[in-house]
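Biologist: Please take me through this model by question and answer. Keep it brisk.

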Amino acid sequence: MKWRFVAIGVLIAFILFIQACGQRPPPQDSCNFVQNSEAQRVSWKGRVPVKLHLHSSVPPQSVLPIEAAIDEWTRRLGHPFLTDRADRRIRAC
């Protein structure tokens with residue numbers, strides 16, 4: 001019985017090891033997308049607006065220019081992209 005548990009544990013460890021050492025996907029051209037650490041394009045897949053939260057280290061005098069930039073993106077795109085302006089999700093964390 002004890003050997004059965006050891007064998008199952010070794011099998012699970014082996015499977016996890018193989019998965020971790022698997023082939024990485026090849027890098028992709030950025031095409032103006034954000035890329036992750038493996039040079040793969042990242043997409044929000046329609047989950048917009050993206051909720052933007054500012055860290056407490058952001059100086060207070062920078063909040064208004066950031067909000068102005070968000071307003072400009074909203075104006076140019078024709079719809080909110082970075083935040084839901086109705087409930088002001090921009091806040092210090």
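Biologist: Is Gln40 buried, partly exposed or exposed, and at what relative accessibility?

Modeller: This is a predicted model: local features need pLDDT of at least 70, side-chain atom pairs count only at pLDDT 80 or more, and totals for chains, interfaces and linings use all residues. Residues are numbered from 1 along each chain as its sequence is written, and side-chain values use heavy atoms, with hydrogens and water left out. Buried means under 20% relative accessible area, exposed over 50%, and partly exposed in between (1.4 Å probe, protein chains only). Gln40 therefore counts as buried, at 13%.

Biologist: Where is Gln40, and which side chain does it join in a polar contact?

Modeller: Gln40 sits in the loop between strand E1 (34-35) and E2. Helices (H or I, at least four residues) and strands (E, at least two) are DSSP runs, numbered from the N terminus. A polar contact is a pair of N or O atoms within 3.5 Å; within protein, one must be able to donate a hydrogen and the other to accept it, and residues adjacent in sequence count only if both atoms are side-chain atoms. At 3.5 Å, the side chain of Gln40 has such a contact with that of Gln28.

Biologist: Which residues does Gln40 touch, leaving out those up to four places away in sequence?

Modeller: Contact means heavy atoms within 4.5 Å. With that exclusion, Gln40 touches Gln28, Val34, Gln35, Pro25, Pro26 and Pro27.

Biologist: Which residues make the nonpolar surface patch?

Modeller: Patches are made of residues with over 30% relative accessible area and no salt bridge; like charges are joined within 9 Å, nonpolar side chains (Val, Leu, Ile, Met, Phe, Trp, Tyr) within 5 Å. Trp44 is partly exposed at 38%, and lies in the loop between strand E2 (41-42) and helix H2 (63-77). The patch covers about 320 Å², with accessible areas from the Shrake-Rupley method (1.4 Å probe; for residues, only the protein chains shown count as cover). Its members are Val34, Val42, Trp44 and Val48.

Biologist: How many salt bridges are there?

Modeller: A salt bridge is a side-chain nitrogen of Lys or Arg within 4 Å of a carboxyl oxygen of Asp or Glu. Arg75 pairs with Glu72, the closest N and O atoms being 2.6 Å apart. Arg76 also meets Glu72, at 2.7 Å, N to O. The count is two.

Biologist: Why are these partners about one helical turn apart, and which residues form the network?

Modeller: Arg75 and Glu72 are about one helical turn apart because they are three residues apart in helix H2. Arg76 and Glu72 are four residues apart in helix H2, so they too are separated by about one helical turn. Salt bridges with shared partners give one network: Glu72, Arg75 and Arg76.

Biologist: How exposed are Arg75, Arg76 and Glu72?

Modeller: Arg75 counts as exposed at 56% relative accessibility. Arg76 is exposed at 65%. Glu72 is partly exposed, at 30%.

Biologist: What pattern does the protein follow along the sequence?

Modeller: The protein has two helices and two strands. Of its 93 residues, 9% count as buried. Along the sequence, the pattern is α-β-β-α.

Biologist: Over which residues is the pLDDT below 50?

Modeller: pLDDT is the predictor's confidence in each residue, from 0 to 100. The protein's mean is 76, and 85% of its residues reach 70 or more. The stretch below 50 has 23 contacts in the model beyond near neighbours in sequence, and spans residues 84-93. Where pLDDT is low, the predicted coordinates should not be read in detail.
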